[in-house]
Amino acid sequence: MTHMIRAVLFDLDGTLVDHESAAATALTRALRTITEIREGDLTWARRRWRELEKQVFAEYLSGRVTFVQQRRLRVTGLVNDLGLGGWDETRTDAWFTTYLRHYEAAWRVYDDVVPALAALAADNPRMRLGVLTNGDADQQRQKLRYVGLAAQFSRVIISSEIGPAKPDARIFHEGCAQLNLPPAEVAYVGDNLETDAVAAMHAGLFGIWLNRTNRAAQVSQPTVRTLGDLSTFW
């Protein structure tokens, strides 16, 4: 099956761009602007911020809240949990602006990204490359430009522009349609086993799980530890 692959679509956050490290750096720096925060709370706050992000972002992807609302809910949830009292929208938005500035400044690609993309282009010059990601289109496109990857991909498919979000098969099918290829000829690579690799497989694509953390899991899903290992599939 793998020798029929004519295009590869990549997830963005956690696959190409190290979102988790950027978010942790930004949160630490932004929290230190709050005079009431105790240094010992920072480790707990980073863990809680990840939990809130996962929970509230799912609300955004489902259409139940807007992109701005999910930001506010994450902030107010965290400051309430830290015992810092209720914040109004003005203070919430001002603090998130500080967080966002630090988050954007911390965007970095993983070390294996540029070599892997270069190898794919050299070894498979006809292979088409794209990005398929959940999230806000403006932010995700800005992210690709900032880290220098925008020119590497012929297609960028983002849930806020399409409507359905991963793991919905429709966003994967839209990606294939934009490539003018049937799902069986498209590979999808992502760091989330269920939302990325398994969902892509269910949509008819060749789903590949990027297991960067060497998470223990009994799966039959094609798996790589780094993007450099993708060459084993074609």
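Buried means under 20% relative accessible area, exposed over 50%, and partly exposed in between, with a 1.4 Å probe and protein chains only. By these cut-offs Arg 6, at 44% relative accessibility, is partly exposed. The model is predicted, so local features need pLDDT of at least 70 and side-chain atom pairs count only at pLDDT 80 or more, while totals for chains, interfaces and linings use all residues. Residues are numbered from 1 along each chain as its sequence is written, and side-chain values use heavy atoms, with hydrogens and water left out.

**Salt bridges**

- Twelve salt bridges are counted, a salt bridge being a side-chain nitrogen of Lys or Arg within 4 Å of a carboxyl oxygen of Asp or Glu.
- One of them pairs Glu 185 with Arg 6, whose closest N and O atoms are 3.0 Å apart.
- That pair links distant parts of the chain, 179 residues apart: Glu 185 is in the loop between helix H8 (169-179) and strand S4 (186-190), and Arg 6 is in the segment before strand S1 (7-10).
- Helices (H or I, at least four residues) and strands (E, at least two) are DSSP runs, numbered from the N terminus.
- Glu 185 has a relative accessible area of 15% and is therefore buried, whereas Arg 6 is partly exposed.
- Lys 166 and Asp 11 form another salt bridge, with 2.9 Å between the closest N and O atoms.
- Here too distant parts of the chain are linked, 155 residues apart: Lys 166 is in the loop between helix H7 (159-162) and H8, and Asp 11 is in the loop between S1 and helix H1 (19-31).
- Arg 72 is partly exposed at a relative accessible area of 23%, and Glu 89 is partly exposed at 49%.

**Helix packing**

- Two packed helices are described by the angle between their axes and the distance between the axes.
- H1 and helix H2 (residues 42-61) pack at about 125°, with their axes 10 Å apart.
- That angle makes H1 oblique to H2.
- Axes are lines fitted to C-alpha atoms, for helices over the stretch in contact, and angles run from 0 to 180 degrees between N-to-C directions.
- Angles under 35 degrees count as roughly parallel, over 145 as roughly antiparallel, 65 to 115 as roughly perpendicular, and the rest as oblique.
- On the H1 side the meeting residues include His 19, Ala 24 and Leu 27, and on the H2 side they include Leu 42, Trp 49 and Glu 53.
- In H4, Thr 98 is buried at 16% relative accessible area.
- Thr 98 touches Ala 30 and Thr 33, not counting residues up to four places away in sequence, where contact means heavy atoms within 4.5 Å.

**Backbone geometry**

- A cis peptide bond with omega of about 15° joins Lys 166 to Pro 167, and Pro 167 is in the loop between H7 and H8.
- Asn 180 is not a glycine, yet has a positive phi of about 65°.
- Asn 180 lies in the loop between H8 and S4 and is exposed at 69% relative accessibility.
- Asn 214, also not a glycine, has a positive phi of about 55°.
- Asn 214 is in the loop between strand S5 (206-210) and strand S6 (223-224) and is partly exposed, with a relative accessible area of 49%.
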